[in-house]
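Open your viewer and keep the sequence panel beside it. This tour tells you what to select at each stop.

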Amino acid sequence: MIVLLLLWNGLAWAQLGRNCTPCHSEQVDDVRGHKHGAAGVTCEVCHGASQKHRDALGAAAPDKVAGPDEVPALCGGCHTGQLKDYALSRHGKIVAAKSEQRAANCATCHGVHAARNVVAMKRQCDRCHASLPQACTRAGVAATAGRLVCASCHAPHTLARVK
Ligand code: HEC
Ligand code: HEC
Ligand code: HEC
Ligand code: HEC
Ligand code: HEC
Ligand code: HEC
């Protein structure tokens, strides 16, 4: 069973982006480097087969491209727990309201095709939160390798105070 699963995953990985590679090799490489690649989350899952797009060599639009306010529902279709939490947050409410104010959607923090690491994610926080209350820089909260420092005090999806 495990061997079969591995075989299937290997196959899915090899097939990933087969229809898109000629024109979008960068995105194909990115998704292969993401856990999504091995998990079989293919280009088609998020963009559809996009036959017309391919036939027209890109001159016709792909079947679907989620806009910022559609991203949470797209990602949350599989990551239901994170969506539930995110929807309760200031970020989630602002994005859902299609507000003029820009707030973080799933992809702003995590990236779309390639997964952002914590360093790149922190850069995103800083982009929108240039000045923060002193409470956020309280000494004694050491950055833990592989973990976002803000997450020591703010739950990443609800943004609720952790301590
Ligand atoms: C024959 C070349 C070709 C193939 C094959 C192709 N595309 Fe494209 N694609 C393009 C071109 C050209 C653009 C426009 C690029 C630009 O505007 O910079 C594009 C743009 C896109 C965009 C962005 C559209 C937008 O509105 O922002 C998406 C998403 C996309 N392609 C998905 C796919 C997917 C998924 C596949 C495979 C199922 C695919 N493409 C196959 C040529 C192709
Ligand atoms: C988990 C969902 C998801 C998967 C899987 C995915 N995409 Fe995307 N893709 C998106 C979203 C969302 C956007 C819009 C990003 C934006 O507007 O910034 C996008 C944008 C694009 C674009 C526009 C240029 C860019 O890089 O932003 C292209 C081209 C593209 N995707 C091609 C692909 C190809 C080819 C694959 C498969 C290797 C793929 N995508 C897999 C969600 C996905
Ligand atoms: C079709 C279902 C599906 C969709 C749609 C989807 N994902 Fe995933 N995602 C998965 C699976 C399956 C995994 C692999 C889980 C694992 O290996 O633990 C994963 C893994 C991840 C991980 C890595 C988690 C970890 O433990 O390292 C992140 C981050 C992530 N997805 C974010 C997103 C974002 C952001 C979007 C939307 C742009 C999205 N996903 C859309 C199914 C999906
Ligand atoms: C403000 C930035 C931010 C936004 C927005 C965000 N995330 Fe996350 N997400 C994080 C951080 C930080 C972690 C790592 C949590 C940790 O290490 O404790 C994480 C973890 C995850 C994980 C790994 C499993 C877990 O829960 O730890 C998945 C999957 C995920 N997020 C999906 C999503 C999806 C889907 C959305 C949108 C509905 C989303 N995220 C929105 C920052 C964000
Ligand atoms: C695209 C811009 C943007 C990005 C990126 C972003 N935020 Fe936000 N964030 C906002 C906006 C807008 C608000 C709401 C501010 C307000 O209510 O005036 C907010 C509110 C918050 C709040 C306060 C929540 C509350 O309940 O009052 C916290 C905490 C927060 N963000 C943390 C983060 C962290 C951590 C990151 C990075 C992982 C991040 N944000 C990335 C725009 C962003
Ligand atoms: C040591 C704990 C701690 C850390 C680490 C921390 N914060 Fe905070 N943060 C707080 C506390 C406590 C408050 C409430 C402050 C207040 O009400 O005066 C807060 C409030 C906020 C607010 C709301 C500001 C407002 O005007 O209402 C935002 C946005 C925020 N933090 C973002 C961040 C970001 C982004 C990071 C990472 C760069 C971060 N925080 C790291 C403890 C922390």
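Start with the whole protein chain. Of its 163 residues, 16% are buried; a residue is buried if 20 or more other C-beta atoms lie within 10 Å of its own, exposed if 12 or fewer, and partly exposed in between, with C-beta atoms placed from the backbone. This is a predicted model, in which local features need pLDDT of at least 70 and side-chain atom pairs count only at pLDDT 80 or more, while totals for chains, interfaces and linings use all residues. Residues are numbered from 1 along each chain as its sequence is written, and chains are lettered from A and ligands numbered from 1 in the order in which they are written.

**Stop 1: the overall view**

Switch to cartoon. How many helices and strands does the protein chain have? There are ten helices and zero strands. Helices (H or I, at least four residues) and strands (E, at least two) are DSSP runs, numbered from the N terminus. Now show the C-alpha trace. Along its principal axes it spans about 55 × 40 × 25 Å. Next, think about contacts: two residues are in contact if their C-beta atoms, placed from the backbone, lie within 7 Å. Among contacts between residues at least 6 apart in sequence, 44% join residues at least 24 apart.

**Stop 2: two domains**

Colour residues 2-55 as domain 1 and residues 71-152 as domain 2. These bounds come from an automatic or database domain assignment. Look at where the domains meet. Six residues of domain 1 are in contact with four residues of domain 2. On the domain 1 side, α2 gives the largest share, four residues. That side has two nonpolar, three polar and one charged residues. For these classes, Ala, Val, Leu, Ile, Met, Phe, Trp, Tyr, Cys and Pro count as nonpolar, Asp, Glu, Lys and Arg as charged, and the others, Gly among them, as polar.

**Stop 3: the largest nonpolar core**

Select Leu16, Cys20, Val28, Val31, Cys43 and Cys46. These six residues make up the largest nonpolar core. Such a core is a set of buried Ala, Val, Leu, Ile, Met, Phe, Trp, Tyr and Cys residues joined through C-beta atoms within 7 Å. Helices α2 (25-33) and α4 each give two or more residues to this core. Click on Val28. Beyond residues up to four places away in sequence, Val28 touches Leu16, Gly17, Cys20 and Thr21.

**Stop 4: ligand 1**

Show ligand 1. Which residues are closest to it? They are Cys20, Cys23, Cys43, His47 and Gly58, out of 15 that surround ligand 1. A residue counts as near a molecule if its C-beta atom, placed from the backbone, lies within 6 Å of it. Both α4 (43-47) and α5 (51-55) supply at least two residues of this shell.

**Stop 5: ligand 4**

Move to ligand 4. It is surrounded by 18 residues, and the closest are Cys75, His79, Cys106, Cys109 and Pro156. Highlight α6 (71-76), α7 (80-88) and α9 (106-110): each supplies at least two residues of the shell. The shell divides into eleven nonpolar, six polar and one charged.

Now pick Gly76, in helix α6. Is Gly76 buried or partly exposed? Gly76 is partly exposed, because 18 other C-beta atoms lie within 10 Å. Leaving aside neighbours within four places in sequence, Gly76 is in contact with Gln82 and Leu83.

**Stop 6: ligand 6**

Finish at ligand 6. Of the 13 residues around it, Cys125, Ala135, Cys136, Cys150 and Cys153 come nearest. This shell has nine nonpolar, three polar and one charged residues.
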